[in-house]
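Student: I would like a close look at one part of this protein, the pairing of charged side chains. Please take me through it step by step.

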Amino acid sequence: MRLNVAVTSALIALLRDDLFAARYTAETVDSLWGADAASALRRGQREPARRAVVTAGGVGALATVFVLGLPVPAARLAAALPTLGVDGALALGLVRLDGENAVPLVDLRPHGFVDEFGAGSWWIASDLGEAALRRAIPENHVLGVGGASMTLAGLMVGTKVDRVLDLGTGCGIQALHAARHARHVIATDISGRALELARFNAELNGVGTIEFRAGSLYEPVAGETFDQIVSNPPFVITPRGEGVPSYEYRDGGLVGDALVASVISDAATHLAPGGVAQLLGNWEYRDGTDAFDRVAAWLDGTGLDAWIVEREVQDAALYAETWIRDGGILPRTDEFDALYAAWLDDFAARGVTGIGFGYVTLRRPVSGAPTLRRMERLHGGLGNNPAGLGVHVASTLAAHDLQASLSDTELARTAFVVAGDVTEERHYWPGDEDPTVMDLRQGAGFGRTFPLGTALAPVVGACDGELPLGAICSAVAQLLEVDGDELLAEVLPSVRELLTTGFLGA
């Protein structure tokens, strides 16, 4: 893809026209081979999908070469790309010729999504995976749209802003998502190959508001501040040593979780007042100590609000197995065993017993000291969030600010309403009239469950936006024959938490 810019742009425009004309969309491609073949593809098995598209038309040829990573007759590809042609595909570095066949050099697949602005779709180019290469991926591999990148894209707060930094852009997927709500996006990466592909993807999808810069972490934006920072950094904890592959897309070159610590601690100098940073990360549990204590230390002195959500913890051995296999190294081979030993030796040197994975949201206060330091473990399933978790993240930050700004007296004077996605669960012993367990369950967001006590249950049940909280508490206190002020004091901390987490709204 290293071509004259004007020539490249003209060829990309022709490619875009052909992809549109072929209806090369995620929906169309999925319909070619169906759910069972799609499941096999996710397991790295291409044969069921190949059988389904062997006689398909133009879109079948595109799916075969660019999704399945299989060669097709050059004449078949030419029919699928009538304006670009095979020569144009060769010039763009999309394929090479092997006799009469066109052999893929990149993965180029449609990606459909839904966010708070509605449905959208892009074509995303990345490097061929191990299934297409039939071997382990190279260390400069540029990853396409995977589970982690979709998670971060879904988390992204979509508030309209001026400037966004995508730190470690990879194939550019986060920058593209950010461009839907930002006037200008700066996307950085240490990998020249990644920047090549990300720039190609932006132009292919007609997005002209992204600027690409080469460099490590915050170096390319020294002295600059942003309204939003998003990052899927190379956070995978990898042993540093001879013979251990260092994949640019996942390995930051530092020991342990130091890279995530650096991204967090340095965010403070690059966030404008009110600016929000969102990233994914790993953190180590060492010798039975709580990893959150270490993460809290990274935050000390930054002056930032912070919300850390741990979604999963893996033991050291499982973590090693996961990431060695991610690079395409197969178990029960000498190479796998050597890497496994290196990983476990590295963890043992620091006393690492487990590794947490989760989401980090940081914010620079507009003025004054930070008011939010929330660290929680939410290892279960999520709620229903058709437009992604970003909407919930934004509302949580706003709700925290609201309740933090209200004194207890002001809170008591405010009327609240139960959110529309909240239901109540009650569990009874057989034959009993009174429930033994009462819970509120959230349908969206993180799908939280909140326990209800004897006082809180009727208070929340009466929150319909009509009466202020204090009046409700007085009425409930009379029914329970307790002191009204004491009941209000008892439920206020829970009400603040229910407001912050979206069970209640003002």
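Tutor: The model is predicted. Its salt bridges number 29. Arg363 pairs with Asp305, and their closest N and O atoms lie 3.1 Å apart. Because Arg363 sits in strand 12 (residues 352–363) and Asp305 in strand 11 (residues 305–315), this pair ties together parts that are 58 residues apart in sequence. Asp305 is buried at 3% relative accessibility, and Arg363 is buried too, at 12%. Arg363 also forms a salt bridge with Asp401, at 2.7 Å from N to O. Asp401 belongs to helix 15 (residues 390–405) and Arg363 to strand 12, so here the parts tied together are 38 residues apart in sequence. Asp401 is partly exposed, with a relative accessible area of 34%.

Another salt bridge joins the side chains of Arg496 and Asp408, at 2.8 Å from N to O. This pair links distant parts of the chain, with Arg496 in helix 19 (residues 484–500) and Asp408 in helix 16 (residues 408–412), 88 residues apart. Arg496 counts as buried at 18% relative accessibility, whereas Asp408 is partly exposed at 41%. Elsewhere, salt bridges that share partners join Asp257, Glu284, Arg286, Arg294, Asp346 and Arg350 into one network.

Asp115 is in strand 4 (residues 107–115) and is buried at 14% relative accessibility. A polar contact of 2.7 Å joins its side chain to that of Arg180, and the Asp115 side chain also reaches the backbone nitrogen of Phe117 at 2.9 Å.

Definitions and conventions:
Residues are numbered from 1 along each chain as its sequence is written. This is a predicted model: local features need pLDDT of at least 70, side-chain atom pairs count only at pLDDT 80 or more; totals for chains, interfaces and linings use all residues. Side-chain values use heavy atoms; hydrogens and water are left out. Helices (H or I, at least four residues) and strands (E, at least two) are DSSP runs, numbered from the N terminus. Buried means under 20% relative accessible area, exposed over 50%, partly exposed in between (1.4 Å probe, protein chains only). A polar contact is a pair of N or O atoms within 3.5 Å; within protein, one must be able to donate a hydrogen and the other to accept it, and residues adjacent in sequence count only if both atoms are side-chain atoms. A salt bridge is a side-chain nitrogen of Lys or Arg within 4 Å of a carboxyl oxygen of Asp or Glu.
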